[in-house]
Amino acid sequence: MTRTRADWEALDARTTPEGRHFIDGGFRPAMSGRTFTRVRPMDGREGASLARGDDRDIDLAVQAARTAFASGIWRRKDPGEKKKVMLTWADLIRKNGEELALLETLDVGKPVLASLNVDVRLCADGIQFYAEMIDKLYDEIAPTGPMSRALVRKVPLGVIGAITPWNYPMIIDAWKIGPAIAAGNSVVLKPAEQSSLSALRLAELAVEAGLPAGVFNVVTGFGEETGKPLACHMDVDMIAFTGSTEVGKLIMTYAAQSNVKRVALELGGKSPLVVFADADLDLAASAAAWGCFYNSGETCHAATRLIVERSVEADLIDRIREVTRREITLAHPFDPSAQIGALIEEAHMDKVLAMIAAGEKEGASRVFGAERALSDTGGYYVSPGVLRGVTNDMAIAREEIFGPVLCSLSFETEEEALAIANDTIYGLAGAVFTRDMNRVHRFSEELHAGTVWINTYDMASFSTPFGGFKQSGFGRDRSVHAIDKYCDFKTIWQQFS
Ligand code: NAI
Ligand code: MG
């Protein structure tokens with residue numbers, strides 16, 4: 001049964017989200033007693049009150065995480081038992097799906113049905129994927145000769161700090177805490193200040209599922225005040241970060257200036273979607289519209305640069321406009337027809353609108369959309385739209401917009417298309433649409449991106465690694481390989497006589 005807007009409003013009215021830190025198995029206020037208030041992007045109203053963490057709260061959480069790790073209460077548990085706990089956790093996430101979806105939507109303004117059917121589902125699937133790996137990981141014996149036996153053990157690192165963004169909070173949290181906890185580590189998660197609610201509930205559900213206190217802690221607060229002390233902490237072994245390239249660079253300096261903790265970074269993108277004249281243009285139009293506009297363009301791998309062969313550019317943009325009009329309904333996030341909702345906050349909406357204006361000033365022309373919408377709601381909405389006549393030197397082609405704005409650039413030759421596609425500081429993802437299999441081969445080899453899609457966009461599975469090259473960062477989320485980031489090899493050499 002699909003709930004109506006009134007149903008979600010009623011659920012909202014009777015839900016009081018928990019906004020205190022989750023440390024050592026329970027909720028507690030900030031040591032300073034300070035709080036901050038989230039403004040709901042869907043209607044501009046005051047939302048949850050949250051603990052405003054600082055270095056003292058981080059210290060407390062890191063201590064709890066370290067104590068749990070040192071005790072061995074989790075890492076030394078029987079693998080089958082650990083698996084059961086994490087599978088129960090995944091089930092509890094599904095059982096509490098509507099509440100989690102509501103919390104996510106209150107925080108970030110995406111349609112509540114997307115929160116439920118995509119974010120909650122993929123969060124639970126992520127925890128399950130890593131739960132299922134726990135009793136299938138084997139260590140190695142190195143070929144050192146008959147009189148010695150060298151075990152190559154993969155061991156957890158210890159205390160992992162996770163710093164996550166607001167665009168897919170629950171999904172990205174699962175990408176980090178799933179493999180980190182499955183590998184036997186303890187975690188302190190600092191969610192984005194815009195999106196703490198789902199993380200707090202996930203932590204509560206973890207303990208309900210049987211995860212020992214201290215293994216998973218959540219400290220809420222701002223980047224400088226809460227994220228920085230976590231990344232600078234002398235007793236944190238690794239930081240797993242998703243967010244802006246700017247802060248990713250800071251995380252590396254914090255690691256260098258503190259204890260040489262390891263770092264994994266999933267940063268932004270400016271992903272190209274290249275369309276040749278021989279492509280199935282309807283397929284390409286649908287992929288471009290959904291690839292750029294889904295989640296209101298607040299997606300690190302959004303297809304934000306459409307690089308299209310000049311002879312079909314006008315035709316393709318017409319089709320994109322039609323797909324957008326027909327399928328990508330912008331509406332209040334509680335409205336079941338909404339496919340996209342609000343942007344994260346007023347300042348971000350203003351930034352997106354300013355980038356559109358700057359693009360027009362630099363010579364791009366707005367074909368449709370890309371303007372403020374639904375302002376009577378009090379929320380922060382921008383309609384999906386296309387800018388044409390963009391060249392790769394314009395700021396809108398080089399910098400992340402993180403809004404529902406597709407920039408169309410055109411080309412004449414394959415060589416030119418590839419050069420434009422790769423001419424970016426980022427390397428997260430990209431796509432090519434063509435029927436020419438030789439060209440498919442050339443592009444998939446030469447496009448410098450962590451993921452290359454052929455005649456599709458945004459297809460994903462837990463079985464495929466996700467992450468970038470160049471300034472999109474390093475280290476991969478998802479897949480069996482993600483576990484490696486949270487472990488390291490230990491050699492145990494035994495000599496016989
Ligand atoms: P951000 O990079 O500042 O925030 C991401 C996380 O880092 C948040 O949890 C934040 O509290 C934390 N953080 C911020 N400053 C920190 C510091 N000095 N030390 C430790 N942690 C810190 O991203 P922001 O400001 O929310 O968004 C700015 C732009 O970044 C967006 O418009 C978008 O272009 C990009 N971005 C990319 C994301 C991705 O998925 N790769 C996600 C979010 C934003
Ligand atoms: Mg920032």
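How far does a polar side-chain atom of K190 lie from an oxygen atom of ligand 1? I looked this up first, in a model that is predicted. The distance for K190 is 2.6 Å.

I then checked how much of the ligand is covered. On its own, ligand 1 exposes 810 Å², and the protein buries 88% of that.

Next I went through other contacts of this kind. W166 also has a polar side-chain atom 2.6 Å from an oxygen atom of ligand 1. For N167, I noted 3.2 Å between an N or O atom of its side chain and an oxygen atom of the ligand.

I listed the surroundings. The shell holds 29 residues, and the closest are W166, K190, E193, S244 and E400. By type, I recorded 13 nonpolar, nine polar and seven charged residues in this shell.

Where does ligand 1 sit? I found it in the largest pocket.

Which helices and strands supply at least two residues each to the shell? I wrote down the helices α8 (223–232), α9 (245–257) and α12 (346–361), together with the strand β10 (238–242).

Last, I looked at the domains. Domain 1 (5–267) and domain 2 (272–460) each give at least three residues to the shell around ligand 1.

Methods: Residues are numbered from 1 along each chain as its sequence is written. Chains are lettered from A and ligands numbered from 1 in the order in which they are written. This is a predicted model: local features need pLDDT of at least 70, side-chain atom pairs count only at pLDDT 80 or more; totals for chains, interfaces and linings use all residues. Side-chain values use heavy atoms; hydrogens and water are left out. A residue is near a molecule or strand if one of its heavy atoms lies within 4 Å of it. A polar contact is a pair of N or O atoms within 3.5 Å; within protein, one must be able to donate a hydrogen and the other to accept it, and residues adjacent in sequence count only if both atoms are side-chain atoms. Accessible areas come from the Shrake-Rupley method with a 1.4 Å probe; for residues, only the protein chains shown count as cover. On a 1 Å grid over the protein atoms alone, a cavity is a set of points where a 1.4 Å probe fits but cannot get out, and a pocket is an open set with protein on both sides within 12 Å along at least five of seven lines; lining residues have an atom within 4 Å of a point. A molecule sits in a cavity or pocket if more than half of its atoms lie within 2 Å of its grid points. Helices (H or I, at least four residues) and strands (E, at least two) are DSSP runs, numbered from the N terminus. Ala, Val, Leu, Ile, Met, Phe, Trp, Tyr, Cys and Pro count as nonpolar, Asp, Glu, Lys and Arg as charged, and the others, Gly among them, as polar. Domain bounds come from an automatic or database domain assignment.
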